[in-house]
Amino acid sequence: MASNLDTLVTVFGGSGFVGRNVVRALSKRDYRIRVAVRRPELAGHLQPLGKVGQIHAVQANLRYPASVEAAMRDSHVAINLVGILAEAGAQRFDAVQGAGAGAVARAAAAVGARMVHVSAIGADENSPASYGRSKAAGEKAVLAAVPSATILRPSVVFGPEDQFTNRFAALARMSPVLPLIGGGLTKLQPVYVGDVANAVADAVDGKTRAGATYELGGPEVLTMREIIEVILAVTERRRMLVSLPFGLAKLQAAFLQFAPGAFKLTPDQVALLRSDNVVSDTAKAAGLTLEGLGIAADSLEAIAPQYLWRFRKTGQFQRSA
């Protein structure tokens with residue numbers, strides 16, 4: 001039987017939040033891993049995740065197809081994790097999440113590699129948000145080049161160093177008031193980054209259906225208000241939660257899109273919150289979920305205390321047994 005060490009997996013965007021966890025999951029399964037990133041000299045933190053020589057970083061930029069083709073040379077599997085939450089400079093939604101995804105898929109097809117593409121729940125060509133439309137365009141481009149590709153659509157992903165729970169925990173430390181856009185009624189299904197990484201690794205193992213789209217969500221559907229309440233409980237902070245109508249939030253976002261750090265809010269992000277972000281009944285019925293892959297999803301309440309402790313007012317952290 002061939003060893004996974006005979007399989008070279010190229011991970012585009014492998015140095016990011018989700019990427020680090022995917023590289024870790026693949027290394028535990030003994031795959032050879034080529035991490036394709038814009039700045040390989042900044043990807044040294046990935047080396048300890050695997051054995052000596054198992055992980056190697058190379059330069060690639062999805063806006064330049066030649067660099068993508070070079071990164072895919074001799075690869076057996078391509079994983080595309082590249083995505084942005086907000087546009088900046090040359091990093092535009094259409095270029096990165098639309099055309100960029102297509103560039104990876106065409107490079108994979110050229111060398112006969114399998115393809116795993118991580119998109120997002122909310123990918124829809126009719127989405128009111130540019131983010132959602134670009135994600136849908138990326139999926140379409142991937143399947144056009146590699147019809148057998150596996151598409152994974154996670155809901156909002158949480159875990160250490162995420163830009164979701166950590167953002168609200170940071171806001172709670174700085175502000176006595178937290179806004180609830182649209183009243184905080186939008187439903188999400190937060191999914192742990194480790195579970196997403198295992199789903200990606202399962203797809204590389206060949207455990208997913210060819211050409212299928214999986215929707216990945218955690219064990220609970222929570223409103224934005226409930227999620228923020230969990231974060232406040234974990235960080236032991238009391239804050240006033242104030243409803244902010246969508247219209248007013250959009251107006252504020254016109255200015256806050258230029259704000260730094262946790263205060264940044266774009267009109268596109270406001271548009272995304274107009275729709276729920278949960279696993280569909282269709283995906284559940286077809287078994288195209290974490291449960292369908294045999295992965296028991298971890299909840300936000302179970303995982304968040306392991307990394308949000310640093311935001312606690314007391315500064316104390318006791319790990320539960």
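Buried here means under 20% relative accessible area, with exposed over 50% and partly exposed in between (1.4 Å probe, protein chains only).

**View 1. The whole protein, from inside to surface.** This is a predicted model, in which local features need pLDDT of at least 70, side-chain atom pairs count only at pLDDT 80 or more, and totals for chains, interfaces and linings use all residues. Residues are numbered from 1 along each chain as its sequence is written, and side-chain values use heavy atoms, leaving out hydrogens and water. Of the 321 residues in the protein, 53% are buried. Along the principal axes, the C-alpha trace spans about 55 × 45 × 45 Å.

**View 2. The largest nonpolar core.** A nonpolar core is a set of buried Ala, Val, Leu, Ile, Met, Phe, Trp, Tyr and Cys residues joined through side-chain atoms within 4.5 Å. The largest one holds 75 residues, and Leu26 and Ile79 touch the most other members. Helix α6 (residues 193–205) gives this core its largest share, eight residues; helices are DSSP runs of H or I, at least four residues, numbered from the N terminus. Apart from this core lies another, of 20 residues, including Ala71, Met72, Ala101 and Ile151.

**View 3. Around Ile79.** Which residues is isoleucine 79 in contact with, leaving aside neighbours within four places in sequence? They are Val9, Thr10, Val11, Phe12, Val22, Leu26, Val116, Val200 and Val204, where contact means heavy atoms within 4.5 Å.

**View 4. Charged side chains.** The protein carries 35 positive and 26 negative side chains, and the centres of the two sets lie 6 Å apart. Lys and Arg count as positive, Asp and Glu as negative, without His and the chain ends; each charge is placed at NZ of Lys, CZ of Arg, CG of Asp or CD of Glu.

Notes
Helices (H or I, at least four residues) and strands (E, at least two) are DSSP runs, numbered from the N terminus.
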